[in-house]
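We will pick one piece at a time and look at what surrounds each one.

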Amino acid sequence: MSDFFSIDPVTLGVQQVAKSDYGTAEVTGTGDGRAFLFAGANPAKLVEIDKATGQKLSVTPLPGVELGSAWAFAFFGGDFYFFTNSQNGPGSEVTHIDYDDSDGNGQQDIKVVVADAPISIVGAGVSTCAPTAPQ
């Protein structure tokens with residue numbers, strides 16, 4: 001279990017919204033205001049959550065994606081990129097999911113795009129201005 005919090009942008013006060021049953025997770029947002037968790041194991045999962053209630057809206061299993069000792073993710077152009085270190089050594093694997101099915105094949109294809117990046121990526125920021133559709 002873990003907690004999902006919100007931060008008041010005016011007062012910077014922190015308030016618990018809900019419990020999450022995914023334990024340790026990374027959180028990111030999208031340019032259109034949605035919130036997602038990257039968490040879980042065997043396989044990892046992409047979870048869209050309701051920011052107001054903390055309830056799951058959708059869960060997308062990520063076959064072949066294991067968190068390991070370092071992980072992060074980012075959203076860009078309708079898709080997600082996952083940075084994982086499942087071998088627990090230096091480096092990261094970068095995996096892409098065609099979340100919005102922009103190739104039109106009816107699937108959310110998951111593909112390793114970098115098998116062994118030379119650094120362990122443990123944080124990935126996403127601007128609220130990031131495009132929500134392919135560029």
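Start by selecting β5, residues 44-49. In this predicted model, six of the six residues of β5 are buried, so the strand is largely enclosed by the rest of the structure. Show its side chains and turn the view: Ala 44, Leu 46 and Glu 48 are buried on one side, while Lys 45, Val 47 and Ile 49 are buried on the other.

β4 and β5 pair antiparallel over five bridges, and you will find Phe 36 opposite Glu 48. Four residues lie between these strands in their hairpin, where Gly 40 has a positive phi near 85 degrees.

Now select β6, residues 56-62, which runs antiparallel to β5 and is joined to β5 by six bridges. Here Val 47 faces Val 59 across the pair. This hairpin has six residues between its strands, and Gly 54 in the turn has a positive phi of about 75 degrees.

Which residues does Leu 46 touch beyond its sequence neighbours up to four places away? Among them are Phe 36, Ser 58, Leu 62, Phe 73, Phe 80 and Tyr 99.

Leu 46 also takes you into the largest nonpolar core, which has 14 residues; Phe 38, Leu 62, Phe 73, Phe 80 and Phe 82 join Leu 46 as those with the most contacts inside it.

Technical notes. Residues are numbered from 1 along each chain as its sequence is written. This is a predicted model: local features need pLDDT of at least 70, side-chain atom pairs count only at pLDDT 80 or more; totals for chains, interfaces and linings use all residues. Side-chain values use heavy atoms; hydrogens and water are left out. A nonpolar core is a set of buried Ala, Val, Leu, Ile, Met, Phe, Trp, Tyr and Cys residues joined through side-chain atoms within 4.5 Å. Buried means under 20% relative accessible area, exposed over 50%, partly exposed in between (1.4 Å probe, protein chains only). Helices (H or I, at least four residues) and strands (E, at least two) are DSSP runs, numbered from the N terminus. Contact means heavy atoms within 4.5 Å. Two strands pair if DSSP finds at least two bridges between them.
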